Amino acid sequence: GLADGYYEVLYKGDVTLLKKTIQKFSESSGIDAVPGTSSLKQFVTRYYYYIIKDGFAFQIRKKGDFAKHYKEKKGAIRQFIKSNGLNLLGKESEDMVFSQIMEFIDKN
């Protein structure tokens, strides 16, 4: 059940991690607008991540979603994330963090 389109393969093993990038044009008016203009026009980029497991696609929105799909490895996944300091607040990108978690799951 993935929508048509292009997906970037971030990790490929027993399970595949995919990333889909979507850009939409947005026009807003009011408080966000630049002074002297009536609206702010911009492209908004959104990223969507999916794992393909046993022929089914599951959306991944945050690190904790991996544990939902690998309940038998839940504790090990949390320990891996904690011991490696993987967070999405620092300079690490979702691509890197999600790929590292997926590689850990695949090898353990």
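## Exercises on a predicted fold

Read along the sequence, the protein chain runs β-β-β-β-α-α-α. The model is predicted.

**Exercise 1. How many helices and strands are in the protein chain, and what share of its residues count as buried?**

Step 1. Count the elements: the protein chain has three helices and four strands.
Step 2. Turn to burial. Of the 108 residues of the protein chain, 29% count as buried.
Step 3. The accessible surface of the protein chain is about 7600 Å², and carbon and sulfur atoms account for 50% of that.
Step 4. Check the contacts. Take those between residues at least 6 apart in sequence: 45% of them join residues at least 24 apart.

**Exercise 2. Find the aromatic pairs, and say which parts the pair of phenylalanine 25 and phenylalanine 43 ties together.**

Step 1. Apply the cut-off: ring centres must lie within 6.5 Å. The count comes to five aromatic pairs.
Step 2. Take phenylalanine 25 and phenylalanine 43. Their centres are 5.5 Å apart, with 70° between the planes. Planes over 60 degrees apart count as edge-to-face, so this pair is edge-to-face.
Step 3. Phenylalanine 25 is in strand 2 (residues 16-29) and phenylalanine 43 in strand 3 (residues 39-53), so the pair ties together parts 18 residues apart in sequence.

**Exercise 3. Is phenylalanine 66 buried or exposed, and which parts does its pair with phenylalanine 98 tie together?**

Step 1. Phenylalanine 66 and phenylalanine 98 pair edge-to-face, at 5.5 Å centre to centre and 65° between the planes.
Step 2. Locate them. Phenylalanine 66 belongs to helix 1 (residues 65-69) and phenylalanine 98 to helix 3 (residues 94-107), so parts 32 residues apart in sequence are tied together.
Step 3. Read the accessibility. Phenylalanine 66 is buried, at 0% relative accessible area. Phenylalanine 98 is buried too, at 0%.
Step 4. Ring pairs link Tyr49, Phe66 and Phe98 into a cluster.

**Exercise 4. Which residues of helix 2 (residues 74-83) are buried, and why do they line one face of the helix?**

Step 1. List them: Ile77, Phe80 and Ile81.
Step 2. Look down the axis of helix 2. The buried residues fall within an arc of 95°, so they line one face of the helix.
Step 3. Inspect the other side of helix 2. There, Gly75, Arg78, Lys82 and Ser83 are exposed.
Step 4. Identify the cover. Helix 1 and helix 3 are among what covers the buried residues of helix 2.
Step 5. Glycine 85 takes a positive phi of about 60°.

Definitions and conventions. Residues are numbered from 1 along each chain as its sequence is written. This is a predicted model: local features need pLDDT of at least 70, side-chain atom pairs count only at pLDDT 80 or more; totals for chains, interfaces and linings use all residues. Side-chain values use heavy atoms; hydrogens and water are left out. Rings of Phe, Tyr and Trp (its six-membered ring) pair if their centres lie within 6.5 Å; planes under 30 degrees apart count as stacked, over 60 as edge-to-face and the rest as tilted. Helices (H or I, at least four residues) and strands (E, at least two) are DSSP runs, numbered from the N terminus. Buried means under 20% relative accessible area, exposed over 50%, partly exposed in between (1.4 Å probe, protein chains only). The arc is that of the directions from the helix axis to the C-beta atoms. Contact means heavy atoms within 4.5 Å. Accessible areas come from the Shrake-Rupley method with a 1.4 Å probe; for residues, only the protein chains shown count as cover.
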